[in-house]
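This report looks at how two chains are arranged and how they meet.

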Protein chains: 2
Amino acid sequence: MGLVAVTWLNCLRRRLPQNTRLLHTLKGHQSDQILMSPALASLDLPDIWTPNSSCQSVPDIHKSFNEQTATVIDGKLMATEIRSKIADQVRQMKKGLGKVPGLAVILVGQRRDSLTYVRNKIIACEEVGMKSVVTELPTDCADADVQNAIMRFNKDPSIHGILVQLPLPQHLDEEKILDAVCLEKDVDGFHPVNMGNLALRGREPLFIPCTTKACIELLIRSGVEIMGKKAVVIGRSNIVGLPTSLLLQRHHATVTVVHAFTENPEQITSEADIVVSAAGVPNLVCGNWIKSGATVIDVGTIPVEDPSCEDGYRLVGDVCFEEVIKVASVITPVPGGVGPMTVTMLLVNTLDSAKRLFNFT
Amino acid sequence: MGLVAVTWLNCLRRRLPQNTRLLHTLKGHQSDQILMSPALASLDLPDIWTPNSSCQSVPDIHKSFNEQTATVIDGKLMATEIRSKIADQVRQMKKGLGKVPGLAVILVGQRRDSLTYVRNKIIACEEVGMKSVVTELPTDCADADVQNAIMRFNKDPSIHGILVQLPLPQHLDEEKILDAVCLEKDVDGFHPVNMGNLALRGREPLFIPCTTKACIELLIRSGVEIMGKKAVVIGRSNIVGLPTSLLLQRHHATVTVVHAFTENPEQITSEADIVVSAAGVPNLVCGNWIKSGATVIDVGTIPVEDPSCEDGYRLVGDVCFEEVIKVASVITPVPGGVGPMTVTMLLVNTLDSAKRLFNFT
């Protein structure tokens, strides 16, 4: 049995940048442990992707595409349609109850991309007539500071959704912080109970994570059949990859999750009818990764420095747009695809939360 | 947009045996719904598998196999080894604290297979020196009866693990009943918080479902590498398929979940290095479903009438053993594979629970 453990450890060692946790695992195996299975925490390795060099450089959706074949989903237009319905319902709620849904955002630090995301969310709230509050905390704040802010909003009856903008600075305990958000206001859907209920058939979470919900809504609105189709989700983050794979499966797709430890990801991806890429690696998904006629949803939104842009940077996706547009039948652009729909799903979740609380239909 | 909804519904209608929920969904689409995505509950379809007629009839592991190539994992032997370690620790706990771990089992009705499973669990507890209690309830009992039994065990300090034997009679609310088990005694790991924490990287559930834990322990003890390998899980039940796919992914396998709505399941399965079959369909997995040299874990345990057996029936697996043993490199038998390891993992979980409570190392 000692040999088996060593084989496993050697395999792990080859992939692991630092071996702190590894030593811990090894110690476990040498001790009086009953099982050989390692502790889950010891398995958590960073997903380090190798950027794809075979693609052209950073995609530029402003170019014109003479060979374009895929239909480009207009996420912005779809989002606008949905937001107008949300605004209607907020007006009705205000008229009927004298109340509006309220969203609280907690922002720690000054990450440029996070600032932009938070700003977009606040503007979206204003546009549909929702209340919004932002609590800004300094980068070096303590777990307790963030938790206290959450506790305040948990008790605030004018707040129906609480969102902690991720990623948090490294020194903060994300798990402890996210667990502090009360289940009924967890509009991001990241609480383990909501995630468990998304995974378990026969159950329904109070909230589905916004990006995941956006992907499925984009697929359904574009007439893409999900049931029985092969879907590949690239990336297995807790906030996108995982919940998206779970939701696609509940829609009866046959789902494969491709991650940084996957061998031949391009071959596996090229067999899929639906590809949702959420790796956060520019240009990862090239034309040869995609089956002809497949649907490609690009969740990647990587900020790339660009002095010509207002904010000093622009967002690029995981997908080499120029190449994939020639192969796929349906594709989302970055920006203008998943992004605006994600913010819209946040509004939907916050509205749903208020409707649930007020028993308003 | 109406067209899209109808396409989706038509697709659903083709697969759905009864259209009660469908009408509900359709109503949703016609009303003032903001989103086109259907409610998750409306998506829950039964997984009806078509039994495979190309295989030989029910497998018989008592036959001799001249062409055998695969190593047959001796789950019974592995289980015995682990149970002896558990017994040691129970003795130490008794000596040091004057206490032993205690398991409570709630059995509703008189299903023959359930009776056997419960009996095996109780015998296993006795063998390692653990306390065990069984509460038997009549088939026609109410949700509240089961919940009351659970509540009693939740409060009982001599009980460290509570297990509700599944499946429950149809009229009972499984969700409500399982949610009543307190998290710290949920040795089956079916509570949504434990499932969510199994799914979410960076988190660790208090308990991993026993069958899932058994599959991984069997793989690791057999020297099968998981990281980076292609794994196919056949079946997506809440109690086996789902948690097994999640745990394999946390071990860095590239996981595909095959279910009753999967097109060409045999083709997808035949690309896998590791196949875990948990569909509950005898003979589903034939030789042509398996890649040469793959590892096959058969979770299927379907009772088939057999008057020559003591209980009047015997258990058969999902896998056509005679065919697959010639193709695979490693295989588990039924019985004597996953079964004894599953019961052993229940003992491990109960012991862990007691150790956690007593802070006993």
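The model is predicted.

Helix 8 of chain A and helix 8 of chain B have axes that come within 7 Å and cross at roughly 90 degrees. Angles of 65 to 115 degrees count as roughly perpendicular, and the two helices are therefore roughly perpendicular to each other. The table lists the residues that make this contact.

| Helix | Contact residues |
|---|---|
| Helix 8 of chain A | A:Pro192, A:Val193, A:Met195, A:Gly196, A:Asn197 |
| Helix 8 of chain B | B:Pro192, B:Val193, B:Met195, B:Gly196, B:Asn197 |

By type, the contact residues comprise six nonpolar, four polar and no charged.

In chain A, eight of the eight residues of helix 8 are buried, so the helix is largely enclosed by the rest of the structure. Among the buried residues are A:Asn194, A:Leu198 and A:Ala199. Their cover includes helix 7 (174–180) and helix 10 (241–250) of chain A, and from chain B helix 3 (40–43), helix 8 and helix 10 (241–250).

An unreviewed UniProt entry annotates residues 209–356 of chain A as "domain: Tetrahydrofolate dehydrogenase/cyclohydrolase NAD(P)-binding". This span of chain A, residues 209–356, is 34% helix and 19% strand, and its end C-alpha atoms lie 17 Å apart.

Note on methods:
Residues numbered from 1 in each chain as written. Chains lettered and ligands numbered in written order. Predicted model: local features only at pLDDT ≥ 70, side-chain atom pairs only at ≥ 80, totals over all residues. Heavy atoms only, no water. Axes fitted to C-alpha atoms, helices over the stretch in contact; angles between N-to-C directions. Helix = DSSP H or I, 4+ residues; strand = E, 2+ residues; numbered from the N terminus. Parallel < 35°, antiparallel > 145°, perpendicular 65-115°, else oblique. Contact = heavy atoms within 4.5 Å. Nonpolar A, V, L, I, M, F, W, Y, C, P; charged D, E, K, R; others polar. UniProt positions renumbered as here; feature names shortened; annotations may be inferred. Buried < 20%, exposed > 50% of the residue type's maximum accessible area, 1.4 Å probe, protein only.
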